[in-house]
Amino acid sequence: MFLLRQNFFISVLLSLFLLSACGPSAEPLIDLNDRLVPEESGTELEQSEGIDEGLMESERELAMEFPAETPLVGLSDKILANSNIPKKALDNAFKFYNKNQSIIRNKRYLTIFDISQHSGQRRLYLVDLNTGAVQTMHVAHGAGSDQNNDGLATTFSNNSGSKMSSLGFLLTAETYIGKHGESLRLDGLESRNSRVRSRAIVINSANYVSSSLSKMGRSEGCPAVSLANIKDFIAKVKNGSLYYIYHGAYD
């Protein structure tokens, strides 16, 4: 009888230990102003460390190329030396990246769009977080953000029909073929850009974006790039990389 009682108590203690080990995980280190993705988007953001078995092969390869929870130590000086990215923009992006790595699937690339610059400038910066190399290109802003069409975006909105650009941090999502060819959806990560998906604000190509122009044409809010750059750009940033639309007067 003593042995039976002893075995019973050992079993209970073992069960309690296993329940504790397999209990709910801690809350993720994410503190966003609103929801991660608009409810109508249907996009699920993975919040687990490591590689989910359900990820596409390309996502799996990207995750293997750049390990999770990397603090980007030592890259800032190299990136700033390779570009004219505003230091504040890069600092903001790194801070957000380090705090929210669990929702960033594609950790290889970071995009910073300095929308405070004139549209004739190469103000879209594609940062390789493995090497610190920076690729620059032209990008359009919304017509509503530049109502006098002088090439400078000065007003921004999250509202449908505004034809304005939205500021802040976003995640790239899935690709699709639309009227502008291959395009890439975006999901807002802040209250000021939470409607980008429902507004159909996407990365696509436009013939009014070209290095031959002194001023880019204006979009309906999409950060459109040139026909020459779209294929390579989407291939690098798709599947959940961080995209930051920055303006020094607002960030």
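Figure 1. Buried means under 20% relative accessible area, exposed means over 50%, and partly exposed is whatever falls in between (1.4 Å probe, protein chains only). What you're looking at is a predicted model: local features need pLDDT of at least 70, side-chain atom pairs count only at pLDDT 80 or more, and totals for chains, interfaces and linings use all residues. Residues are numbered from 1 along each chain as its sequence is written, and side-chain values use heavy atoms, with hydrogens and water left out. The mean pLDDT (the predictor's confidence in each residue, from 0 to 100) is 80 for the protein chain, with 72% of its residues at 70 or more. Residues 1-69 are the part to watch: pLDDT stays under 50 there, and the model has 77 contacts beyond four places in sequence for that stretch, a contact being heavy atoms within 4.5 Å. Where pLDDT is low, the predicted coordinates should not be read in detail. Among contacts in the chain between residues at least 6 apart in sequence, 60% join residues at least 24 apart. The accessible surface comes to about 12900 Å², 53% of it belonging to carbon and sulfur atoms (Shrake-Rupley method with a 1.4 Å probe; for residues, only the protein chains shown count as cover).

**Figure 2. The sheet, strand by strand.** The protein chain has 5 helices and 7 strands, taken as DSSP runs numbered from the N terminus (helices are H or I, at least four residues; strands are E, at least two). Reading from the N terminus, the elements go α-α-α-α-β-β-β-β-β-β-α-β. An open sheet of 7 strands, with mixed pairing, has the order S3-S2-S1-S7-S4-S5-S6. Its edge strands are S3 and strand S6 (202-203), each pairing on one side only. Two strands pair if DSSP finds at least two bridges between them.

**Figure 3. Strand S7 and its two neighbours.** S7 is largely enclosed by the rest of the structure, because 5 of its 5 residues are buried. Both faces are covered: Leu242, Tyr244 and Tyr246 are buried on one side, and Tyr243 and Ile245 on the other. Strand S1 (residues 109-114) pairs with S7 in the parallel sense over 5 bridges, with Leu110 bridging to Leu242. S4 pairs with S7 too, but in the antiparallel sense, over 4 bridges. Here Gly168 has Ile245 as its bridge partner in S7, and Leu171 stands opposite Leu242.

Figure 4. S4 and S5 form a hairpin with 2 residues between them, pairing in the antiparallel sense over 7 bridges. Leu170 stands opposite Gly188 in S5. Gly188 belongs to strand S5 (residues 181-188) and is buried, with a relative accessible area of 0%. The C-alpha atoms of Gly188 and Thr172 are separated by 9.0 Å, the two residues being 16 apart along the chain. On to the next strand: S5 and S6 pair in the antiparallel sense over 2 bridges, and Leu184 stands opposite Ile203 in S6.

Figure 5. Searching the whole structure turns up 4 aromatic pairs. Rings of Phe, Tyr and Trp (its six-membered ring) pair if their centres lie within 6.5 Å; planes under 30 degrees apart count as stacked, over 60 as edge-to-face and the rest as tilted. The Phe96–Phe169 pair is stacked, because the ring centres are 4.1 Å apart and the planes sit at 10°. This pair links distant parts of the chain, with Phe96 in helix H4 (residues 87-99) and Phe169 in strand S4 (residues 168-178), 73 residues apart. Phe96 is buried at 12% relative accessibility, and Phe169 is buried at 7%. Ring pairs also link Phe96, Phe169, Tyr244 and Tyr246 into a cluster.

Figure 6. Phe156 and Tyr250 make an edge-to-face aromatic pair, 5.5 Å centre to centre with 80° between the planes. Phe156 lies in the loop between strand S3 (134-137) and S4, and Tyr250 in the segment after strand S7 (242-246), so the pair ties together parts 94 residues apart in sequence. Tyr250 is partly exposed, with a relative accessible area of 48%. In another spot, the charged end of Arg185 sits over the ring of Tyr176, 4.0 Å from its centre (the cut-offs: NZ of Lys or CZ of Arg within 6 Å of the ring centre and within 35 degrees of the ring normal).
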